[in-house]
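Subject: Structure handover

Hello,

Here is the structure I promised, with my notes below it. Please open it alongside them.

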Amino acid sequence: MKIDLRSDTVTKPTKGMLQAIMEAEVGDDVYKEDPTVNKLENYVAELFGMDEALFFPTGSMANQAAIKLHTQPAEQLICDKWAHVFNYEGGGASFNSGVSCKLVDGDRGMITAAQVEENINPPDFYHSPLTTLVCLENTTNKGGGACYDFEEIKKIRKVCDKHNLGLHLDGARLMNAIVAKKENPKDYGEVFDTLTICLSKGMGTPLGTLLLGKKELMKNAMRVRKVLGGGMRQIGFMAAAGLYAFENHIERLAEDHKKASEIAKTLKKQSYVSEVEPTETNIVIFYLKEGFSEEKFMEDLQNQDIIISNMGQGKLRVVTHLDYTDAMHERFLEVLRQYK
Ligand SMILES: *Cc1c(COP(=O)(O)O)cnc(C)c1O
């Protein structure tokens, strides 16, 4: 039994999802004639109470398109120092939109309204880049799946309104946050100008991310997606997987969260673990005590057919997901308990 806990992107489509893919009605989406893509976009826009949704192949492309829709070259966006849009999209913000990022020293990938306000450049001081956008991430990836307090998001919205800034959410794992905190998707649709949701993380599809936004901003979204090379043809096969995931793989995210918290609890009791970060969703980040090497630990796990991630700076990461079964969970916990 091979146990892959590196990421929630390692899942394979379930039988039901494959069936939905096989039966999808498709057309040429570049002509906007794929009925299944249109159905998915309408479904998700409605779920969040957003004007429009557009299907993208990847989360990075959808975030990059959002940044382009909000900004002009030489402007600046504000984000946490660990933000995916800054760290893991290949420098795309500067390449695609010509903008710089003002990095905020947040808490587990989350920033506050006060920090946003402090980091806005004075708009009439023409020497510094004009601040025009704030990007949040929920849940945070490098922050260990941490979830924002929605009240803080509302405060950030107020700061954005006061200073005329756009507000984008990188919601690669937004459904994890919504399930964990029992939130209403429509509240997110109301507070953000644009947001992205990945279908290929906890939701378990082979690919796909939706970009949602207000009509005024989204009117150029198809053009920007085209420029980035993201116009797709009979992509309804993948949209069908997305619709299937919305119907079948949302509530079950709570199971991933439960398993992650059990892993965190077990790790805390082990003598070789120095610290486990708060575990709110499906990501567990932990550190080994001095004298234990991360490389050796990972190698020992690998010898037992278990793979996890090393995020550097002593951070080890485990991510639970759809293909991580109860039997794998039992075995992994046992291996952690036995390790010396
Ligand atoms: C995975 C992820 C994305 C999108 O990544 P792609 O691999 O391009 O789909 C964006 N933001 C966060 C926080 C992520 O974890």
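A crossing of two helices is called right-handed if the near helix is turned clockwise from the far one by less than a right angle, and left-handed if it is turned anticlockwise. Keep that in mind for the helix pair below. One caution: this is a predicted model.

**The helix pair**

Two packed helices are described by the angle between their axes and the distance between the axes. Here the pair is helix H13 (residues 253-268) and helix H15 (residues 326-338). Their angle is about 10°, and their axes are 10 Å apart. Angles under 35 degrees count as roughly parallel, so H13 and H15 are roughly parallel to each other. H13 passes H15 in a right-handed crossing.

Which residues meet? From H13 come Lys259, Glu262, Ile263, Thr266 and Leu267. H15 supplies Asp326, His329, Phe332, Leu333, Leu336 and Arg337. By class, this contact has five nonpolar, two polar and four charged residues.

**The seven-stranded sheet**

Strands of a sheet pair through backbone hydrogen bonds, either parallel or antiparallel. Seven strands form an open sheet with mixed pairing. Read across, the order is E2-E8-E7-E6-E5-E3-E4. Strand E2 (52-56) and strand E4 (100-104) stand at the edges. Each has a single partner strand, so one side of each is left without a neighbour in the sheet. From one strand to the next, the twist averages 20°.

**The four-stranded sheet**

There is also an open sheet of four strands, in the order E9-E10-E13-E12. Its pairing is antiparallel. Strand E9 (273-276) and strand E12 (309-312) stand at the edges. Each has a single partner, so one side of each lacks a neighbour in the sheet. Neighbouring strands here are turned by 35° against each other on average, direction ignored.

E12 and strand E13 (residues 315-319) run antiparallel, with three bridges between them. They form a hairpin with two residues between the strands. In its turn, Gln313 has a positive phi of about 50°. Ser309 stands opposite Arg317 in E13. Asn310 has Leu316 as its bridge partner in E13.

Which helices lie across these strands? H13 lies across E9, strand E10 (283-288) and E13, running at about 15° to E10. Helix H14 (residues 294-302) lies across E10, E12 and E13, running at about 170° to E12.

**Backbone points to check**

Most residues other than glycine have a negative phi, and most peptide bonds are trans. Two spots stand out in the loops.

- Asn138 and Thr139 are joined by a cis peptide bond, with omega about -5°. Thr139 is in the loop between strand E5 (131-137) and helix H7 (150-163).
- Lys32, a residue other than glycine, has a positive phi near 65°. Lys32 is in the loop between helix H1 (15-22) and helix H2 (35-48).

**The annotation**

What does the record say? The unreviewed UniProt entry annotates residues 4-289 as "domain: Aromatic amino acid beta-eliminating lyase/threonine aldolase". Over residues 4-289, the chain is 41% helix and 17% strand. The end C-alpha atoms of that stretch are 24 Å apart.

Best wishes

Notes. Residues numbered from 1 in each chain as written. Predicted model: local features only at pLDDT ≥ 70, side-chain atom pairs only at ≥ 80, totals over all residues. Heavy atoms only, no water. Axes fitted to C-alpha atoms, helices over the stretch in contact; angles between N-to-C directions. Parallel < 35°, antiparallel > 145°, perpendicular 65-115°, else oblique. Contact = heavy atoms within 4.5 Å. Nonpolar A, V, L, I, M, F, W, Y, C, P; charged D, E, K, R; others polar. Pairing = 2+ DSSP bridges. UniProt positions renumbered as here; feature names shortened; annotations may be inferred.
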